[in-house]
Amino acid sequence: MREWPKYVVPVALGALVIGLWQFLVRHYDVPVFVLPAPSDIANAFVTDFSTLMSALWTTFRIVVIAFALAVVSGVLLAVLFSQSRIIEYALYPYAVILQVTPIVAIAPLIIIWVHYENIDLALLILAWIVAFFPILANTTLGLRSADFNLIDLLKLYGASRWQILWRLQLPSTLPYLLGAMKVSGGLALIGSVVAEFAAGTGTATGLGWTITEAGNRLHIATMFAALAILAALGVTIFAVLSGLEWLLLHRWHESALKKEG
Amino acid sequence: MASLVALKGVSKTFDNGTLALERVDLAVTKGEFVSLLGPSGCGKSTALRILAGLLTPSDGTVEFAPGKPEIGFVFQEPTLMPWGPALTNARLPLDLKGINRGEANDRAARALKRVGLDGFEKSFPRELSGGMKMRVSIARAIAAEPELLLMDEPFAALDEMTRQTLNDDLLKLWEEDALTVVFVPVASRKRSRSRRTASARPATA
């Protein structure tokens, strides 16, 4: 099958749905504060452009930094775990606890701890908490999945611990890490937005705040516009990370190979 | 004749209680091609791994001639690193020794040529057939110019014809390089072409 249907078909479906939506809203005279038509949303997008863009920038900054921190800390901790079973036994359960605690519950706590003025820091921490665990879990698994025979071979040739880590375990872990990154990217976004919801209005300035504010003022069209931007951001993050995965894996890993024939 | 390496009274019991070897003596002379024969489960792989230093004996000793020889090991699986091409794989023992990249590349390329993979230096393992991957594994083993080559059913995963070809190529390598080889062939009833064979029976037989 050729490549283009992969891109054209979802877009065509989207266009169809939007067209139908516009028609039904106008036809049944649905009030704008219940369900705005796509044209209303487009209008709101133009009217509130600067607010929306600055909110996007705030959220984007937080997500990118939280994600980067999650990757660095997740990988470092996983490497530490692979070198010391004791540390792994000691810390892994707490990592799990961190992951299963709903951030809506701890958000107010974190916000108080970092002091109300540092709301961005609180959002960063909360987004990091959500994004951290998949990286840790997958990288830990990946490091353990190195070919045993290859480990034996490296030992035979006198490789040190670090050489085994660098030459064998880290490359082996790459597919697992990249898979986790795709998940974590989206989670960092969700974490950041949910944290803003929990922080309440008048404090944060990202997309989560915009959605809440707009909702409170019944500017539903603006709310939808913000949601659309959020969705677009999520898709972009996923696309970028998928591209990275292809870049690093396509020459050798089964997951990225094109089927011959 | 002086042994290059010898197992003396070696026993091995695994953690799960399996007795793999019981008081085994095996002396390998320099330049010999020894085949270890026997049915599955009689301890050939274990003996080979103990020779390589990958397993420690529960009892007995492994004695090397003075100046511990360079050892090469070939597994039943090609055991290649999938993320690098053939040249990188063949180069591994040299990289681990810290040999500079240029010289390492040359030696690895020469090893690949000797196993008949000239022109495939840049091919990734997934692009190679089973027999070719095995050849890369052998190239890797000889790239560091070992004195002792240990091979654990290296051609088991291949078809009969490829196996014959590789067997012949291996014997040629053995003669050209004056290697010492300890070889575990796929168990079969055929007569071995080895100059010397050592047979074993599993303890429960």
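Which residue forms a salt bridge with Glu63(B), and how far apart are the closest N and O atoms?

Guide: Happy to! Keep in mind that this is a predicted model. The partner of Glu63(B) is Lys8(B), and their closest N and O atoms sit 2.7 Å apart. This pair ties together distant parts of the chain: Glu63(B) belongs to strand β4 (residues 59–64) of chain B and Lys8(B) to strand β1 (residues 3–13) of chain B, 55 residues apart. Glu63(B) has 35% relative accessibility, so we call it partly exposed. Lys8(B), at 43%, also counts as partly exposed.

Now let's look at a pair in helices. Asp169(B) forms a salt bridge with Arg135(B), with 3.1 Å between the closest N and O atoms. Here, too, distant parts of the chain are linked: Asp169(B) is in helix α6 (residues 160–177) of chain B, while Arg135(B) is in helix α5 (residues 130–143) of chain B, 34 residues away. Asp169(B) is partly exposed at 27% relative accessibility, but Arg135(B) is buried, because its relative accessible area is 16% and the cut-off for buried is under 20%.

Next comes a pair between chains. Asp95(B) and Arg167(A) form a salt bridge, their closest N and O atoms being 3.8 Å apart. Asp95(B) lies in helix α3 (residues 92–96) of chain B and Arg167(A) in helix α8 (residues 161–199) of chain A, so this bridge joins two chains. Asp95(B) is buried, at 9% relative accessibility, whereas Arg167(A) is partly exposed at 25%. These two also belong to a network of salt bridges that includes Arg91(B) and Arg101(B). Across all chains, the whole structure has 19 salt bridges.

How values were computed: Residues are numbered from 1 along each chain as its sequence is written. Chains are lettered from A and ligands numbered from 1 in the order in which they are written. This is a predicted model: local features need pLDDT of at least 70, side-chain atom pairs count only at pLDDT 80 or more; totals for chains, interfaces and linings use all residues. Side-chain values use heavy atoms; hydrogens and water are left out. A salt bridge is a side-chain nitrogen of Lys or Arg within 4 Å of a carboxyl oxygen of Asp or Glu. Helices (H or I, at least four residues) and strands (E, at least two) are DSSP runs, numbered from the N terminus. Buried means under 20% relative accessible area, exposed over 50%, partly exposed in between (1.4 Å probe, protein chains only).
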